[in-house]
Amino acid sequence: MPKPFLILHLSDAHIGNPKYDLDAFDVFDSLFDDLRTMRMHLARPPDLIVFNGDLAFGEIPGSALSNQYDQAGKWLDRIYQAIGSSPRESPILFVAGNHDINRTLITDDQKEWIRKSLNARSLYELMQKNSLQWRRYLERQDEWATFVQRYPCQAFDFKAHLYTASGVLTHGSIRIGIVALNTSWASYQE
């Protein structure tokens, strides 16, 4: 019988949240302890890590997203230490969340289009044409995309015109196709 395919699913770290800035890494200590216990119990690291959105807290005065992603990289290093693995052995798939976007970089006309004109057909056309309007929505996730692309994991193909990723992992004799979709590009604050 083949060994099970293990996935570590993480989300909503909100690295850079000013409310928890002073003790954020202390708060995460229990997570790191749990991961070390999991690693000992299972006697192997996960085959895949999925980080399902909100790695960062979001662009705010005095806390740029780029700085939050620098902190997030250190946090992920601690995750890998706790599970006794590396991005090569346990690849990570990133999915963007609504906090992984610079929600301050949106114009009133973009908000209006999202509220009143967004539908599957118009969105599909924008994406397929890689229109200026589409690229302006995606540029609000540039810091996230830069972080994801520089993170040391070559298992997934990052689509720069969609800010999505996909790939195929082999587990024993099984090939597993994985896709990370991006729906947070339309997020904004009123």
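User: Where is H14 found?
Analyst: H14 sits in the loop between β1 (7–10) and α1 (24–27). Helices (H or I, at least four residues) and strands (E, at least two) are DSSP runs, numbered from the N terminus. The model is predicted: local features need pLDDT of at least 70, side-chain atom pairs count only at pLDDT 80 or more, and totals for chains, interfaces and linings use all residues. Residues are numbered from 1 along each chain as its sequence is written, and side-chain values use heavy atoms, with hydrogens and water left out.

User: What is phi of H14?
Analyst: Near 50 degrees, a positive value in a residue other than glycine.

User: And A43, buried or exposed?
Analyst: A43 is exposed (over 50% relative accessible area; buried is under 20%, partly exposed in between; 1.4 Å probe, protein chains only), with a relative accessible area of 60%. A43 has a positive phi of about 65 degrees.

User: New topic. How many aromatic pairs are there?
Analyst: The whole structure has 13 aromatic pairs. Rings of Phe, Tyr and Trp (its six-membered ring) pair if their centres lie within 6.5 Å; planes under 30 degrees apart count as stacked, over 60 as edge-to-face and the rest as tilted.

User: Why is the pair of W144 and F158 tilted?
Analyst: The centres are 6.1 Å apart and the planes are at 50 degrees, so the pair of W144 and F158 is tilted. W144 lies in helix α7 (residues 142–150) and F158 in strand β4 (residues 157–159), so the pair ties together parts that are 14 residues apart in sequence.

User: Are those two buried or exposed?
Analyst: W144 and F158 are buried.

User: Which residues form one aromatic cluster?
Analyst: F28, F32, F51 and W75.
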